[in-house]
Amino acid sequence: MALLELQNLKKYFATQKAVDDISLNVEQGQIFGLLGPNGAGKTTLIRMITGIFYPDEGSIIFDGKKFDPIKDVGKIGYMPEERGLYKKMKIGEQAMYLAQLKGLSHRDAQAKIKKWFTRFEMDSWWNKKVEDLSKGMGQKLQFVTTVLHEPKLIILDEPFSGLDPVNSNLIKDEIFNLSRNGATIIFSTHRMEQVEEICNHIALVNKGRKILDGTVKQVKQDFKENLYSIGLNQPLHEISTLAPFTLAGTREDALIIKIKDGHSPNEVLRFVLDQGLSIHAFNEILPSLNDIFIKLVEGTPTARQFQPVQS
Amino acid sequence: MNKIWIIIKREYLTRVRKKTFIISTLLFPLLYMGLIFGMGFIAEKSKQSLHVALIDSSGYFTEDKITAQNLADNSSLITLVKSKPEAVIADHKAAGYDGYLIIPAMDWKTGSDSLVFKADKSYGSGSTAAVEAKLNRIWSAIKNDSLQIDGEKQKILSQRLSVSSYNIKDEKANAKTAEGIGYVSGFLIYLILLIYGSQVMMGVMEEKTNRIAEVIVSSVKPFQMMLGKILGIGLVALTQFFLWIAFVLIVYNVGIASSSSGMVSQMVGTMQKIFSSVNMPLILFCFGFYFLAGFFFYASLYGAIGSAVNEDMREAQSLSFPITMLVIISIAMMSSAIADPTGPVAVWGSIIPISSPIVMMARIPFGAPGTVPWWQLGLSMGLLILSFMFTVWFAGKIYRTGILMYGKKPTWKEMIKWAFRKN
């Protein structure tokens, strides 16, 4: 059973159809990538999942029941793209405050905060004010406050923005860790290389609609263009029209070939071997999510135009 | 409701632990007293004591009569010019006078109503009034002599009847002290509404400025956040108020204990007299009620504005201007209410929720049920309660939308639309 089911969600603002009939399921334990260009409706969608906005139409089923914005907040952790914490408040105190607002008791909160602070080597910061922290440290703190209450569903919006490689890695490891311990994570970002690294399931949203939904593997398979990279020890001068492939380009010392429709990689190998050439490498080139993203979204103006709401 | 309590605690502790809280708690009573007494003091000081050269062509004004009056009253100094009046007229400043006054040849039976004090500056009527009064006392002495009215007859003539107001329904209401208390408490509520109203406005802007609004709203309902803020800041106001009262009480009791110090014990004596001449329990109860209810009414409106603007104090100030005007209008109505506690301005002002916290507080010391019938008091309180329930609800709706909105500055019309939008 899916942890989160979104059914035909719609959210229209006065001038804009922000979310226009989106349905998707997030299974327990998944690391789910929510992707889309700027203005696609991701943030609005996320705000409905976290109970900040209420949908105009459609329903949200969380953990088997209808989503209850008041009771379920304790089971959800949300780190918005717009980072923010009370600047003048001491860190330990602030983490306690936010944890208690999520429903943790004073004692529980204190124990859990200590645990996370130690894990992230933030022990010495307890009494510092947020404004004394560097950006990276602030983000780590915000991450801690998001996952402190051990939520079932964690939503991270651009969690890596502004982090150096070391801290990025730290957060990435934490995400894997949390997932291993049973949490479900929805991860929204523009950085496709990270999506490939981290997510196992993705959905692509554009203009308020869902245009892609599947596992990373599946999506790549769906969009593959039969491109292969073949590394030969001798240069190939001409490719006869009888060959089961065409030349698509070169990359370093390998050739990029596109296998013609109806032919298989085995035929390619046989063909090349019959030519008396020796092969030192042969891989499939699957499209990167970056390429897929651009391909699907291309044609959209770079800034989303306002679509008038037709009643 | 537990979450609201957590928010209240945080808002309260954050503010109470700041140094500015302690400083303002100690400073405010001193400043407030300084304001009240200082205004009176300055008013007194601004009257000038004039040195007048009297050039008498009538012959009535004699040296001894003038000297007698100068000794009795030093708010002005009149000197009779015996020789060379032309020199004085030409340059009175060189002769050492502020100005000169020529008494024409006139008949003691008719006098003159067109005397002019000539000077090289314009003097206010406050200063010339003292001269006029002294001159008239001298003139009375002259007329008494001419009419041959002796000292005894003068005494009988000068005796006046004096009338003061007495409230038969509420014997404790003494008009003079009632005015004073009315003024003081009305003004105090005015200050509290303005100061803490803007504190609420800035407090509400805190989440937006720190960009933490989204995180907060994903944990609690916006209404809970707003209510927590208003209650937390209200508690700070209450704490500060009780500290002031404690401060005054300490001074009061120290004053009683050390009855040696003349001025302090005099002040204490006056305070005791004031407190016993009015219905203190009623006044205190009403003050508490109007303080709190007025605070809720205005704080929620200020809070709504704080949530709608984008961290820019000027935007906040321009949008909150209409609200501030309402408070200022209430103060204007208050002076009218004190002058005539049963007049239409006073009655309506104390019932309409916008001005009732200030105006009713100004009226109450005059006595209930005498000056303020119970039904008026009840109606005023009831309407105020209903009103603040409305403004809190209204503010909650605006807060819900405004807190997440960054970008253009909304107008009041837009904000009203937010209030009636569905969730």
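A crossing of two helices is left-handed if the near helix is turned anticlockwise from the far one by less than a right angle, and right-handed if clockwise. The crossing of α11(B) and α15(B) is left-handed. Helices here are DSSP runs (H or I, at least four residues), numbered from the N terminus.

The model is predicted; local features need pLDDT of at least 70, side-chain atom pairs count only at pLDDT 80 or more, and totals for chains, interfaces and linings use all residues. Residues are numbered from 1 along each chain as its sequence is written, and chains are lettered from A and ligands numbered from 1 in the order in which they are written.

Helix α11(B) spans residues 280-308, and α15(B) spans residues 374-402. They pack at an angle of about 20°, with their axes 8 Å apart. Axes are lines fitted to C-alpha atoms over the stretch in contact, and angles run from 0 to 180 degrees between N-to-C directions. The two helices are therefore roughly parallel, a label for angles under 35 degrees. Residues in contact have C-beta atoms, placed from the backbone, within 7 Å. Among those of α11(B) are B:Phe289, B:Phe296 and B:Leu301; α15(B) contributes residues including B:Leu384, B:Phe388 and B:Ile398.

The largest nonpolar core holds 128 residues. Such a core is a set of buried Ala, Val, Leu, Ile, Met, Phe, Trp, Tyr and Cys residues joined through C-beta atoms within 7 Å. Buried means that 20 or more other C-beta atoms lie within 10 Å of a residue's own. Helix α11(B) gives the most to this core, with 15 residues.

Definitions and conventions
Buried ≥ 20, exposed ≤ 12 C-beta atoms within 10 Å, placed from the backbone. Parallel < 35°, antiparallel > 145°, perpendicular 65-115°, else oblique. Contact = placed C-beta atoms within 7 Å.
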